[in-house]
Amino acid sequence: MPSNVPAPATVERRHRRSLAGHIERVLPRLVVAPSLGVALFFVYGYMLWTFLLSLTNSRMLPQYDFVGFAQYARLFANERWHVAATNLVVFGGLFIVSCLVIGLLLAIFLDQRIRQEGALRTIYLYPMALSLIVTGVVWRWLLNPGLGIQAMVRGWGFEDFTFNWLVDSDMAIYTLVIAAVWQASGFVMALFLAGLRSIDDSLFQAAALDGASLPRIYTRIVLPSLRPVVFSAVMILAHIAIKSFDLVMALTGGGPGYATDLPATFMYAHTFTRGQIGLGSASAIMMLCGVLAILVPYLYSELRGQRHG
Amino acid sequence: MKTIHALAAGALLSAAVGQANAAEIEVLHWWTSGGEAKAANLLKEKLEAKGHTWKDFAVAGGAGDSAMTVLKSRAISGNPPAVAQIKGPLIKEWGDMGFLGNIDKAAEADGWDDFLPEEVAAADKVEGHYAAVPVNIHRINWIWANPEVLEDSGVDHVPQTWDEFFDAADKIREAGYIPLAHGGQPWQDATVFEVVMMGIGGGDFYRKAFVDLDPEALTSDTMIESLKTFKKLRGTMDDNIAGRDWNIATSMVIGGKAAMQIMGDWAKGEFTAAGMTPGEDYECVAPPMTESMFSYNTDSLAMFDVDDEGQQQAQLDLASIVLSKDFQVQFNQAKGSIPVRLDVSLDDFDACAKASREAFDVAMDEKGLVPSLAHGMAVSDSQQGAVFDVITNFFNDPDMKAETASERLVSAVRAAE
C-alpha cells in the first residue's frame with residue numbers, strides 16, 4: 001500500500017471532523033431559528049395583522065375592505081374608550097409609583113440585618129405566586145361592603161364607618177390599584193433587596209467614617225446606584241399594568257357600569273363579544289402605541305446613559 | 001360456511017345502507033347547567049335513535065358569549081360545526097355572510113308555518129328560507145317573589161304599578177328585608193330596564209325604541225320617564241349588587257333575604273332546585289304594567305352549510321325532532337321555558353309555564369309581543385353593547401341625568417352602526 005494514500009479510517013476521521021465543525025458553526029443558528037421564526041410569525045406577524053384589521057370595517061369576522069383610519073376616529077369618539085384610557089393612566093401611574101415606593105421601603109427595612117429575614121422575605125414575596133384571578137376574587141370579598149372590611153369594622157361598633165369603594169363608580173379604579181400593589185410590591189422588594197445586597201459594604205463604611213447619617217447614605221449613595229434596578233422594575237410593572245385584564249375581570253368585572261374598564265377589557269369586549277373586530281383592533285394598536293410611547297424614550301435614555309456611564 | 005358469508009355480506013350491506021344517510025354532526029351549544037344539560041342530552045338521544053351521531057361541542061358560559069367566540073374562530077379557520085346555537089339577529093348576520101344552509105325541506109314536510117308564531121319564525125329565516133330551527137321561548141318580564149317575605153312586611157300582593165311597587169318597597173325595607181334582589185352586571189341592568197320601559201311605553205313604543213333604535217323614541221318623554229323609574233329602582237336594592245351573578249340574586253329571594261327579583265324564567269330552575277313549588281313557596285307575576293306583554297328570548301339551532309348528504313339529512317332530522325310535540329314538552333319542562341309550538345298542550349307544565357303561555361297568547365293578540373334587547377333578540381351585538389354601556393353607566397352613576405342618558409343612547413347607537 002503506497003504511503004501517500006491516507007488510510008480509509010483517516011479520511012473518515014477528517015471528514016467527520018469537518019462535519020462536526022460544520023455542525024458546530026450551524027448549530028447556534030439552527031437552535032435559535034425555530035423560536036425566532038415562531039416569534040416573528042406569532043408576535044410580529046399578528047401585530048401586523050391586527051394593524052391591517054384596524055384599517056378595515058371588519059365586524060363579526062375579519063373582512064378586507066379598507067376604510068382608512070375611520071375606526072380610529074370612531075374609537076376616539078367613543079365615550080367608553082376615554083374612560084378606559086384615563087383609567088389606564090390613573091391605574092398604571094399609581095400602581096408603578098406605589099409598588100416602587102413600598103417595595104423600596106420594604107427592601108431597606110429588611111436590609112437592616114433583622115432576625116428571621118428569610119421568613120419575612122417569603123411572606124412579602126408570596127402574593128406574587130398567586131394568580132391575579134385569585135387576588136381579584138379575594139380582594140372582591142375583602143372590599144365588598146356587606147362582607148368585608150366595612151362590615152367587620154362596623155361589627156366592632158363603628159356604625160358609621162364606610163369603605164365602599166368597590167361599588168362606587170368614582171373610587172372603584174383605586175380598588176384595582178390596591179389589589180395590584182398588594183400583589184406586586186413584594187416582588188419589587190425582592191428586586192431592590194438584590195440590588196442593595198450587591199452594593200459594596202465598604203461604601204457604607206466609608207460614608208459612615210465621613211460622618212454621614214443613615215438616611216443621607218441611602219439618598220446620596222444607595223439610591224443612585226439602584227438605578228438599573230428601578231429600570232427593570234418599571235419595565236416589568238409597566239407591562240403588568242398595560243396588559244391588566246384578569247384582575248379587572250375578577251375584581252370588578254369592569255364595573256360598576258364601565259367605570260373600571262381598561263384598554264385590555266375594552267379591546268376584548270369589542271373584538272370578541274360585540275362583533276366590532278375593526279374597532280377592537282384599533283384599540284389594540286393604540287395600546288401598543290401607548291407601550292411604545294412610554295418605553296422607547298425610557299429605553300433610549302437608560303441605555304444611552306449606561307453606554308456613557 | 002356459505003351462510004356465514006351470506007350473513008357477513010348482508011351485515012356489511014345493511015351497514016352500508018345505514019351509512020348512506022347517517023352521519024356525524026357536531027353541535028355547538030351552551031346548554032351546560034343542570035336542567036339545560038339534561039335537556040340537551042334528550043335531543044342527543046333522539047338524534048342517535050335515528051342512526052346519526054351527535055358530536056357534542058358544549059361551551060360553558062350563560063349568555064353564550066364564549067360559545068360565539070369559539071364559533072367565530074372555527075368559522076374563520078374554515079371548519080364550522082354542522083349545527084350551532086345562535087340567537088336572534090345574529091342568525092341573519094351569519095346567513096348574510098353565506099355560512100348557513102337551508103332546511104326548508106323539513107319545514108315544508110312538518111308544516112312549521114302552521115304552528116310557529118310568525119315573529120319567532122321570521123327570526124330563523126334568511127332571505128325567506130329557514131336556516132335555523134327555534135327550540136323554546138323564554139319570557140323575560142317576570143317578577144319572582146317570596147310570599148313569606150311579602151306577608152311579613154304587610155304587603156298583600158305583588159305590586160301591579162310602579163307607584164305601588166315603591167310603596168311596597170318602603171314597607172319591605174322597614175320590615176328588614178331587601179325589596180329587590182339584583183345582580184349588577186350590564187345584561188341584568190338592561191333586563192330590568194327593558195322590563196320597566198316596556199311597561200311604561202307599551203309594545204309599539206318598545207319596538208320603535210329597542211328594535212328600530214329610532215332616535216325620536218330614544219329621546220322621548222316616555223324614555224326619560226322609564227329611565228327615571230329605573231334609576232329609582234336602584235334605591236330598592238342592596239349596596240352589594242356590583243358584579244353579582246343572577247343566580248346569587250335568585251338565592252336571596254329563595255333564602256328569604258329579599259322579597260322580589262326581576263329576571264327571565266330560567267330563574268325557575270333555581271327555585272325548582274331548592275325544592276320549591278310555584279304558587280305556594282314562590283310566586284311568578286308579571287312586573288308592573290306588563291301583564292299583557294311578553295318580552296321573549298328564543299334559543300335556535302342554526303344549520304351550517306354542509307356538502308355531505310348524510311350530514312344534510314342529519315340536520316333535517318334534527319330540525320324535525322326539535323319541533324316534534326313530545327320533544328317540545330320534555331325539553332321545555334327540563335329547561336324552564338315554554339314550547340315554541342303553539343299547538344302543544346301545557347297540561348303537564350307547572351303554573352308559571354301555563355301563565356307564560358297565557359301571557360304569550362294575549363301578547364300576540366294585543367301586539368305586546370316584543371323581542372328582548374337584553375338577551376340579543378332585537379338588535380345586533382354591537383348595538384346591544386352600546387345600549388348596555390349607556391344603561392349600566394346611567395344606573396351606576398348617581399349624578400347622571402335621565403336626559404343625558406337618553407341623548408347618549410342615541411349617539412352610542414349611531415356609533416355602533
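**Cysteines, and the contact between the chains**

A: Cys289(A) counts as partly exposed because its relative accessibility is 38%, where partly exposed lies between buried, under 20% relative accessible area, and exposed, over 50% (1.4 Å probe, protein chains only). This is a predicted model, in which local features need pLDDT of at least 70 and side-chain atom pairs count only at pLDDT 80 or more, while totals for chains, interfaces and linings use all residues. Residues are numbered from 1 along each chain as its sequence is written, chains are lettered from A and ligands numbered from 1 in the order in which they are written, and side-chain values use heavy atoms, with hydrogens and water left out.

Cys99(A), by contrast, has a relative accessibility of 0% and therefore counts as buried. In chain B, Cys284(B) and Cys352(B) are both buried, and their sulfur atoms, 2.0 Å apart, form a disulfide (a pair of cysteine sulfur atoms within 2.5 Å). Over all chains, the count of disulfides comes to one. The torsion about the S-S bond of Cys284(B) and Cys352(B) is about -105°, so this disulfide is left-handed. Because Cys284(B) belongs to strand 10 (residues 283-285) of chain B and Cys352(B) to helix 17 (residues 351-365) of chain B, the pair ties together parts that are 68 residues apart in sequence; helices (H or I, at least four residues) and strands (E, at least two) are DSSP runs numbered from the N terminus.

Turning to where the chains meet, 27 residues from chain B and 21 residues from chain A take part in the contact (heavy atoms within 4.5 Å). About 2,100 Å² is buried between chain B and chain A, with carbon and sulfur atoms giving 54% of that area; buried area is the accessible area (1.4 Å probe) that two parts lose on being put together, summed over both. On the side of chain B, Lys72(B), Asn240(B) and Asp389(B) lose the most area to chain A, together 24% of what that side buries.

Asp389(B) also forms a salt bridge with Arg274(A), their closest N and O atoms being 3.0 Å apart, and the interface of chain B and chain A has two salt bridges (a side-chain nitrogen of Lys or Arg within 4 Å of a carboxyl oxygen of Asp or Glu). Helix 3 (65-76), helix 4 (88-96), helix 18 (381-396) and helix 19 (402-415) of chain B each supply at least two residues of the side that touches chain A, and helix 18 of chain B gives the largest share, nine residues.
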